[in-house]
Amino acid sequence: MIFLDEELFNLRKKYQELGEPILRDKTLEILLNIVRENKPNLVLEIGTSVGLTATAILLENPDAKITTIEIEEEKVKKAREHFDLFKVGDRAKTIIGDAGEIIPILSAKYDLILLDGPKGHYYEYLDNLLAILNRGGILFADDVLFHGYIKGKSPKKHNTIKNSILSYLDAINSNKDLQTQLIEIEDGISITRKIR
């Protein structure tokens, strides 16, 4: 059961009804449990949307700082408004741009990385994300079952995304430096811990 600030809960509901792609409820609950148990200091989020997931992370762990990457300026504007509304703006840094260009030039090391950007690029991002993930850190990826297409048939137009996610899943499962758990709820999540 998620226990969220009432205002944040209502905002999430509003944006879900508007069709904004924010983390689903059970997925957020698992993510916040990870934050609660692991207390990550530095968090990276790929795909800020309107900032409600980052806000939930920062409210859950008052010691955390988050860097988020978002390509759409309008969403960044909304995210920053939400960070200020919940008084977490001093701990949230939002970078506007293409994650594929930004991730390779990040120099910090992160304790938790939330991957919730363009699904067709998960595999492309992976090596660079692992390079900036601390040992013992967690890479949390949303939508890895992609509407059920990963385990079943997919429309031809989604083959590129499906193949990228399959490559991503194969890479995190076969890497001996990682421990991965796949959870088949909502649109599927993978939780990968860097063990060495």
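## A buried threonine

T67 is buried, with a relative accessible area of 12%. Keep in mind that the model you are looking at is predicted. To find T67, look in strand β2, which covers residues 65–70.

Who are its neighbours? Leaving aside residues up to four places away in sequence, T67 touches V43, L44 and E45, and also K93, I95 and Y110.

## Helices α1 and α4

Now let's turn to the helices. Two packed helices are described by the angle between their axes and the distance between the axes. Helix α1 spans residues 6–17 and helix α4 spans residues 73–85; they pack at an angle of about 160 degrees, and their axes lie 12 Å apart. Angles over 145 degrees count as roughly antiparallel, and α1 and α4 are therefore roughly antiparallel to each other.

The crossing of these two helices, α1 and α4, is right-handed. On the α1 side, the contact is made by E7, L11 and Y15, while α4 brings K78, H82 and L85. Sorted by class, this contact of α1 with α4 has three nonpolar residues, one polar residue and two charged ones.

## Helices α2 and α3

Another pair to explore is helix α2 (residues 25–38) with helix α3 (residues 52–60): their axes come within 9 Å and cross at roughly 35 degrees. The crossing of α2 and α3 is right-handed.

From α2, the residues making the contact are L28, L31, L32, V35 and R36; from α3, they are T53, A56, I57 and E60. The residues in this contact of α2 with α3 comprise six nonpolar, one polar and two charged.

Key. Residues are numbered from 1 along each chain as its sequence is written. This is a predicted model: local features need pLDDT of at least 70, side-chain atom pairs count only at pLDDT 80 or more; totals for chains, interfaces and linings use all residues. Side-chain values use heavy atoms; hydrogens and water are left out. Axes are lines fitted to C-alpha atoms, for helices over the stretch in contact, and angles run from 0 to 180 degrees between N-to-C directions. Helices (H or I, at least four residues) and strands (E, at least two) are DSSP runs, numbered from the N terminus. Angles under 35 degrees count as roughly parallel, over 145 as roughly antiparallel, 65 to 115 as roughly perpendicular and the rest as oblique. A crossing is left-handed if the near helix is turned anticlockwise from the far one by less than a right angle, and right-handed if clockwise. Contact means heavy atoms within 4.5 Å. Ala, Val, Leu, Ile, Met, Phe, Trp, Tyr, Cys and Pro count as nonpolar, Asp, Glu, Lys and Arg as charged, and the others, Gly among them, as polar. Buried means under 20% relative accessible area, exposed over 50%, partly exposed in between (1.4 Å probe, protein chains only).
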